[in-house]
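Take a walk through this protein with the structure open beside you.

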Amino acid sequence: MRSRAYQVAQNPRTQAAAPGGRRQNTTKIQEGNTQTQEELANETRHPTEPSNTTEDRIIDDISEPPAQTTEEREMDNMFEEANYPSMNEIENAEEPQVGMSFATREDAFYAFKIYARKKGFAVRKDASYTSRITGQLERQMFVCNRSGKPICTDGPGRKRRSNVLENTNCKVLVRVKLELGLWVVTAVHLEHNHELAPSTWLVRFMRCHKNMNESEKNFIGVLQNSRVPPRKVMSIFRLLRGHLRCIGFDAKDVSNLQSKERMQHKHKDIAELLDIFKDRQKTIPGFYYSVMADEDGTVRSIFWTDAIGIANYKVYGDYMSFDTTFSTNLYGMPFAPIIGVNNHGKTILFGCALLKDQTISTFEWLFDTFLIANNGKMPSSIISDQDQSIASAIQSKFPTAVRRFCFWHIVKELKRKNVAFFAARPNLYKKLKYAVKNSFTIQEFEMRWNEILDEYQARENNSINYLYNIRRYWVPAYFMSSFYPFSSTTGRSESTNALFKGYVTHKETIVNFFEAYEQIQEKNLSTLDRCRFNSEIKCPSKWSFNGLEQHAATLYTTAIFQRVQKEFKSATAYAVKEIVPEKMFQLRRKTVYDSEFEKEEFEVTVTEDKEHFTCSCRKLDRDGIPCCHVLKIAERLDLLMIPASFVRYRWTKQADQEIVLQVGQELTLKHGNAANSIQYCLMMGEVSDYCSSISGNKRAVELFTAEFHKLKETINSKLTEHQDASGNQNG
């Protein structure tokens, strides 16, 4: 045992912190900042904070201290990690004196080490003496780490290592001798010939002093769940404590805390996630999940959705975007969000999955599960990348859906693989792209494509030939009558993947991933509330006095109306020539503007009842809104109301009401009492909006109050009658 003078109770809190507390070079954690195509990424890109501002550089400096010094490393290395001294031991360490005794030689050395740590120098064992008679070690000398002769580095080709302490021939020593079973100090010399590194400032970086109380850990957990990076966490604690020197940990310890949390859940978070899913089924009406497991019961893939996702798919499921991505969780499971677009032009989640792999069988399981969750309803059109496994699964499980590849990826790869080929044939790439984007019929595309290949003698290029062979899956002319709203790319899926990467890193557990999903869904619902408010309460500004525009403003949501309004403006760029009176018209562009196509002429046909218009650009079929060409003809025919054939229900304000109604029925009919709080929120939202709109009108408030009392009496009376009737039937 150590002598009583050097026995100090270990601090259990510092002991717990010791194993993970060794100072290491700080590593910054970079937040996900994946970008996608510019035209779509703005909808869902997660906002990241600038990293090169003066404020950030200051925070970096104060929250991530400089690397450990050589002196500090030498002092820390004196102790084994499991036997590092407590703060009390260092502060109370006594100066070695002749006559002190210890139970063992190691106890004597330990006492000298903690004294050295307190003063700011490192020590080591030096010469010893073993008895020739007994063979037992009887004398030992402990010296300063800087004892010994300095090494000369002045010679050519010699360079002193910067990470090694320089010897100064320091004479500090403590000599102990074995006497009557005790180790007694027989000589002490404590005068150094070099500067010391006292621990007043460095002590907060030592393992013994690195600790967090439970309140600090809980608060850090809240910040980490909100995706606050370690350096920002330290800046927050600096504001709370006044100075970083008052904080018993640093940015690296904050990062280590999260890593430790992940490791505790590793290999157990699937079971934890399933428990969460079961709880959500009880507390969240309409929540649905399914798992794919091996024969031994091991879960391999997971799919989930909720009442909002199911209701959204019922209304907006005519179009679906599907893509996968890696590096979203600790196990590298591909993340597969099933994406749509709502009546405000916003990306929505129909469901999410974490998959074991990207094979045909796994994708088929996912699509089967998705159909079960949505009562077998199939999408009308799907866009995805060129992955053959996805393509095979879509063809197998969604046989009636139109399948399309991402146009952006096709064109990008074509250019990347043929840089030299296109460089040797100027304008070939430009002409091919023009032919693809500005051909309205299959015949027109094939004619132009073949003419260009002949002109540039490009028929032997394998990449170009391959793209021609799969043309029915990516060339716009093949999709002129298919609904792909405002998109020919998988940008919505990629931006959703980027959004998730802004909330989680590849080190996150699956439970963390699902928590991020819930946060994103909450954010999306909040965005939807704002969009609904803008569409239902606010009146959009009009560009003209055109009756068609006035009527369109009452039908479409604000976001879609703004797109239609742009078409009204573009219509002014065209001159009209009547081919068949009131039935067929030719439009020629007379001014230059930012047009979707580079074509100059378009053709519009009209039925006799003036209800159905068809344009050669087929925008009404592709995007579900009227193009500038049909609006130009509708105005020429003196129409004051938007024809019903122009209006796609999914873009209207009424679609919002259907979502609310469907979710409300799901909550009420299928989940009973569990839905009370959510049903209350839905009802209160509707009532609150109306009350706000009439709150300034005294007469309206009086009428509402009177009618509300009558409504309560009517409902209570009906409920009583229903209960009496039910009681009589049971009796």
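Glutamate 707 is partly exposed, because its relative accessibility is 45%. Keep in mind that this is a predicted model. The side chain of glutamate 707 meets that of lysine 710 in a salt bridge, with 3.7 Å from N to O. Both residues sit in helix α28, three residues apart, which is about one turn of the helix. Lysine 710 has a relative accessibility of 49%, so lysine 710 also counts as partly exposed.

Helix α28 covers residues 698-730, and phenylalanine 708 is part of it. What does Phe708 make together with Leu711, Ile715 and Leu719? The four form a nonpolar surface patch of about 360 Å².

Now step back and look at the whole chain. The protein has 731 residues, and 45% of them are buried. Its secondary structure comes to 28 helices and 16 strands. Take the contacts with a separation of 6 or more: 64% of them join residues 24 or more positions apart. The accessible surface is about 38300 Å², and carbon and sulfur atoms account for 51% of that area.

Next, go inside. In soluble globular proteins, nonpolar side chains tend to be buried together. Here, the largest nonpolar core has 42 residues. Val564, Val604, Phe613, Ile633 and Trp651 have the most contacts inside this core. Which elements give two or more residues to it? They are the helices α22 (547-555), α23 (558-570) and α25 (628-636), along with the strands β14 (584-589), β15 (601-606) and β16 (613-615). The largest share, five residues, comes from α25.

Zoom in on isoleucine 633. Leave aside its neighbours within four places in sequence. Isoleucine 633 is then in contact with Val576, Phe585, Leu587, Val604, Val606 and Phe613. There is also a second, separate core of 29 residues. Its members include Phe303, Phe322, Ala353 and Leu371.

One stretch of the chain carries a label from a record. An unreviewed UniProt entry annotates residues 602-638 as "domain: SWIM-type". That span is 35% helix and 22% strand, and its end C-alpha atoms lie 20 Å apart.

Most residues other than glycine have a negative phi. Lysine 610 is not a glycine, yet its phi is positive, at about 60°. Lysine 610 is found in the loop between β15 and β16. Its relative accessibility is 24%, so lysine 610 counts as partly exposed. Aspartate 638 has a positive phi too, near 65°. This residue lies in the loop between α25 and α26 (654-671). Is aspartate 638 buried or exposed? Aspartate 638 is exposed, because its relative accessible area is 65%.

Now return to charged pairs. The structure holds 25 salt bridges. One of them joins glutamate 600 to arginine 589, with the closest N and O atoms 3.2 Å apart. Glutamate 600 lies in the loop between β14 and β15, while arginine 589 is in strand β14, so the pair ties together parts that are eleven residues apart in sequence. The two partners have different surroundings. Glutamate 600 is partly exposed at 39% relative accessibility, whereas arginine 589 is buried at 14%.

Another bridge links arginine 300 and aspartate 294, whose closest N and O atoms are 2.4 Å apart. Arginine 300 is partly exposed at 34% relative accessibility, and aspartate 294 is partly exposed at 29%. Glu596, Lys619, Arg622 and Asp623 are linked in a network of salt bridges.

End the walk at a residue hidden from the surface. Threonine 490 lies in the loop between α19 (462-469) and α20 (491-503). Its relative accessible area is 0%, so threonine 490 is buried. Which residues does threonine 490 touch, not counting those up to four places away in sequence? They are Ser321, Asp323, Ile383, Ser384, Asp385, Cys406 and His409.

Terms used:
Residues are numbered from 1 along each chain as its sequence is written. This is a predicted model: local features need pLDDT of at least 70, side-chain atom pairs count only at pLDDT 80 or more; totals for chains, interfaces and linings use all residues. Side-chain values use heavy atoms; hydrogens and water are left out. Patches are made of residues with over 30% relative accessible area and no salt bridge: like charges are joined within 9 Å, nonpolar side chains (Val, Leu, Ile, Met, Phe, Trp, Tyr) within 5 Å. Accessible areas come from the Shrake-Rupley method with a 1.4 Å probe; for residues, only the protein chains shown count as cover. Helices (H or I, at least four residues) and strands (E, at least two) are DSSP runs, numbered from the N terminus. A nonpolar core is a set of buried Ala, Val, Leu, Ile, Met, Phe, Trp, Tyr and Cys residues joined through side-chain atoms within 4.5 Å. Buried means under 20% relative accessible area, exposed over 50%, partly exposed in between (1.4 Å probe, protein chains only). Contact means heavy atoms within 4.5 Å. UniProt positions are given in the numbering used here, feature names are shortened, and annotations may be inferred rather than shown by experiment.
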